[in-house]
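Student: I have a structure to read and would like to go through it by question and answer. Where do we start?

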Amino acid sequence: MADDRIAQVARQFIESIPHARELGMSFVSIGDGIAELTMPYDDRLIGDPRTGVIHGGAISTLMDTCGGAAVMCHPSNPGGTATIDLRIDYMRAATPGQAITARATCYHVTRSVAFVRAVALDDDVENPVAAATGAFTVEAGRKAKNA
Amino acid sequence: MRKQPEPVQIVKERRDKTLAALVEGIPYLQFLGIEFERHGDELTAILRYDDKLIGNPILPALHGGVTAAFLETTAIIELGWQRLWREMESGRITAEGLDPADLPRMPKTIDFTVDYLRSGLPRDAYARARVTRSGRRYASVHVEAWQDNRSRLYAQATGHFMMPPEADPSDG
């Protein structure tokens, strides 16, 4: 399957996820094992009503979705995927009112596992809000690229 | 003379109201449909199933991010609740007129690691947190989540949290 076709399938799958739609996630870019996904600020996601800062869980959800997208659009075409584990480091509170954008890179794929790194950014792109590393499943019996 | 124990309904009302004040002020918990059940000081978090929580429409399965959020919330509320419990039972705070703005500040997540053990089925999920270590500044928490069987976890997590400064009883 051509790389742009892989990216298109991944994009369509992620865009069909009910919870991703509920949070208003949309792609900035996707392809070649790198995905960038953005989520608008939303009052329903507030975790601290005193400050209006959105809950870490919403950022985890964005990072997890973006990580899955990065795996699915990897040139080795791993197919569908599920998260095995995900670690998130929260560096600072996201600024209230600003969209959050996650950028995930699938940097290595074996026959059964895909490894991902990701960051989450608000408007202050020099200072990430959060960073993540994760392992994702690779569909059994996947074919090697061009096989 | 020994002090008489308080009537049971007074004790229950105080604890339930305090827990409600802690949980109900957080919009994201209402959005996901997370509730807490209390037995004495033990909390069980409940994630009420809703179609909007689906992350894989083909299986279908709960979104991994929802599971992460559910576990992280369980950990944060447990930490907040343990501190609040001490303040409440010592009489430093009262449930009457307890506004979310009067509550102690919540712990901040430093890092959180989720293990996905089974896919989340499209039904209610439950979780309980255990505070492994709680220091003055940092706390370490382990969380377990299950659906049908308590012994068959569908996810577990460990996280580290920064604790807000403890309220000074002499202050005000």
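Tutor: We start with a word: buried means under 20% relative accessible area, while exposed means over 50% and partly exposed lies in between. Keep in mind that this is a predicted model.

Student: How many aromatic pairs does a search of the whole structure find?

Tutor: A pair of aromatic rings is described by the distance of the centres and the angle of the planes. Rings pair if their centres lie within 6.5 Å. Over all chains, the number of aromatic pairs found is five.

Student: What kind of pair do B:Phe112 and B:Phe161 form?

Tutor: Their ring centres are 6.3 Å apart and the planes meet at 65°. Planes over 60 degrees apart count as edge-to-face. The pair of B:Phe112 and B:Phe161 is therefore edge-to-face.

Student: How many residues apart in sequence are the parts that this pair ties together, and are both residues buried or exposed?

Tutor: B:Phe112 belongs to strand S5 (residues 108-116) of chain B, and B:Phe161 to strand S8 (residues 153-162) of chain B, so the parts tied together are 49 residues apart in sequence. As for accessibility, B:Phe112 and B:Phe161 are both buried.

Student: What kind of pair do B:Tyr126 and B:Trp146 form?

Tutor: The ring centres of B:Tyr126 and B:Trp146 are 5.9 Å apart, with the planes at 35°. Stacked needs planes under 30 degrees apart and edge-to-face needs over 60.

Student: Which residue has its charged end over the ring of B:Trp146?

Tutor: The charged end in question sits 4.1 Å from the centre of the B:Trp146 ring. Chain A has a case too, with A:Arg117 over the face of A:Tyr107 at 3.8 Å from the ring centre. Over B:Trp146, the residue is B:Arg150.

Student: What area is buried between chain B and chain A?

Tutor: In the contact between the chains, 36 residues of chain B meet 32 residues of chain A. Carbon and sulfur atoms give 58% of the buried area. That area is about 2600 Å².

Student: Which residue of chain A forms a salt bridge with B:Asp111?

Tutor: Across the interface of chain B and chain A there are two salt bridges by the rule. In the one with B:Asp111, the closest N and O atoms are 3.4 Å apart. The cut-off is 4 Å. The partner of B:Asp111 is A:Arg87.

Student: Which residue has a side chain joined by a polar contact to that of A:Glu36?

Tutor: A:Glu36 is in strand S2 (residues 34-39) of chain A. Residues touched by A:Glu36 include A:Cys66, A:Thr101 and A:Arg103. The side-chain polar contact has a length of 3.0 Å, and the partner is A:Arg103.

Student: Where is the peptide bond that is cis, with omega near -10°?

Tutor: Most peptide bonds are trans. The bond runs from B:Leu59 to B:Pro60.

Student: What is phi of A:Asp32?

Tutor: A:Asp32 is in the loop between strand S1 (26-31) and S2 of chain A. With a relative accessible area of 54%, A:Asp32 is exposed. Its phi is positive although A:Asp32 is a residue other than glycine, and the value is near 60°.

Methods:
Residues numbered from 1 in each chain as written. Chains lettered and ligands numbered in written order. Predicted model: local features only at pLDDT ≥ 70, side-chain atom pairs only at ≥ 80, totals over all residues. Heavy atoms only, no water. Phe/Tyr/Trp six-rings, centres within 6.5 Å; stacked < 30°, edge-to-face > 60°. Helix = DSSP H or I, 4+ residues; strand = E, 2+ residues; numbered from the N terminus. Buried < 20%, exposed > 50% of the residue type's maximum accessible area, 1.4 Å probe, protein only. Lys NZ or Arg CZ within 6 Å of the ring centre and 35° of its normal. Contact = heavy atoms within 4.5 Å. Buried area = accessible area lost by both parts, 1.4 Å probe. Salt bridge = Lys/Arg side-chain N within 4 Å of Asp/Glu carboxyl O. Polar contact = N/O pair within 3.5 Å; in protein donor to acceptor, adjacent residues only side chain to side chain. Lists of a residue's contacts leave out its neighbours within four places in sequence.
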